[in-house]
Amino acid sequence: MSTPGNPAIEALIHSAREMARAGRSADAEALWRRVLEQAPGHPEAVLALGMASITRGDPARAIEILQSSAGRNPMQELYIALAQKQLGNRDAEVAAVTRALDLDPYFFPALLHKGMLLERRGKHRSAAKVFRDVLKIMPQRDRLNDAFKAAVQHARGRIPIVAGT
């Protein structure tokens with residue numbers, strides 16, 4: 001999100017992104033918190049701080065942060081799903097993935113998550129169908145981070161379940 005007309009916030013955002021790219025997560029988080037102080041609900045800051053809380057193992061805080069933004073986007077809903085999974089709230093996890101896919105039916109990270117949810121529920125054939133569809137729409141694998149590459153590899157291994165359908 002751009003904050004035109006506010007160079008101070010733009011500078012904080014730029015610095016937070018640079019700190020994150022440099023692997024200085026604590027410094028990036030501090031800057032993102034400052035962004036939220038000056039621009040409450042800023043979508044990029046909300047996502048960054050929500051994921052940081054998930055990574056730290058504080059899913060309740062992640063949900064609180066992620067729900068502080070008035071706007072909704074598929075990534076925000078997916079992060080809420082990840083936090084709900086950490087809390088063991090399967091129904092809330094499913095609801096968040098559903099909201100993500102309602103916002104963007106082709107959002108491949110949410111589709112991957114949906115396939116894994118179906119697997120955990122023992123619905124292997126349905127999961128394999130979702131995985132097959134996701135593999136058709138996903139971006140080039142060289143553009144994916146390691147976590148997504150592993151999820152895609154997992155999905156690829158499940159496709160044979162529906163090979164004849």
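This is a predicted model: local features need pLDDT of at least 70, side-chain atom pairs count only at pLDDT 80 or more; totals for chains, interfaces and linings use all residues.
Reader: Why is the contact between Glu18 and Arg21 called a salt bridge?

Author: The closest N and O atoms of Glu18 and Arg21 are 2.6 Å apart. A salt bridge needs a side-chain nitrogen of Lys or Arg within 4 Å of a carboxyl oxygen of Asp or Glu, so this pair qualifies. Both residues sit in helix H1 (residues 7-21), three residues apart, which is about one turn of the helix.

Reader: Why is Glu77 called buried?

Author: Its relative accessibility is 2%, and buried means under 20%, so Glu77 counts as buried. Arg99, at 33%, counts as partly exposed.

Reader: How do you know that Glu93 and Arg120 meet in a salt bridge?

Author: Their N to O distance is 2.5 Å, and the limit is 4 Å, so the pair meets the definition. Glu93 lies in helix H6 and Arg120 in helix H7 (residues 108-120), so this bridge ties together parts that are 27 residues apart in sequence. Glu93 is buried, at 1%, while Arg120 is partly exposed, at 37%.

Reader: Which residues do salt bridges with shared partners join into one network?

Author: Glu29, Arg33 and Arg56 are joined that way. In the whole structure, a search finds 11 salt bridges.

Reader: What lines the second largest pocket?

Author: Glu29 and Arg56 are among the lining residues, as are Leu47, Met51 and Tyr79. Helix H3 (residues 43-55) gives the most, with six residues. The pocket has a volume of about 230 Å³.

Reader: How many residues line the largest pocket, and of which classes?

Author: The largest pocket is lined by 14 residues, and they divide into 10 nonpolar, two polar and two charged. Those nearest its centre include Leu78 and Phe148. Leu and Phe count as nonpolar, so these two belong to that class.

Methods
Residues are numbered from 1 along each chain as its sequence is written. Side-chain values use heavy atoms; hydrogens and water are left out. Helices (H or I, at least four residues) and strands (E, at least two) are DSSP runs, numbered from the N terminus. Buried means under 20% relative accessible area, exposed over 50%, partly exposed in between (1.4 Å probe, protein chains only). On a 1 Å grid over the protein atoms alone, a cavity is a set of points where a 1.4 Å probe fits but cannot get out, and a pocket is an open set with protein on both sides within 12 Å along at least five of seven lines; lining residues have an atom within 4 Å of a point. Grid points are joined across faces, edges and corners, and a volume is the space filled by probe spheres set on the points.
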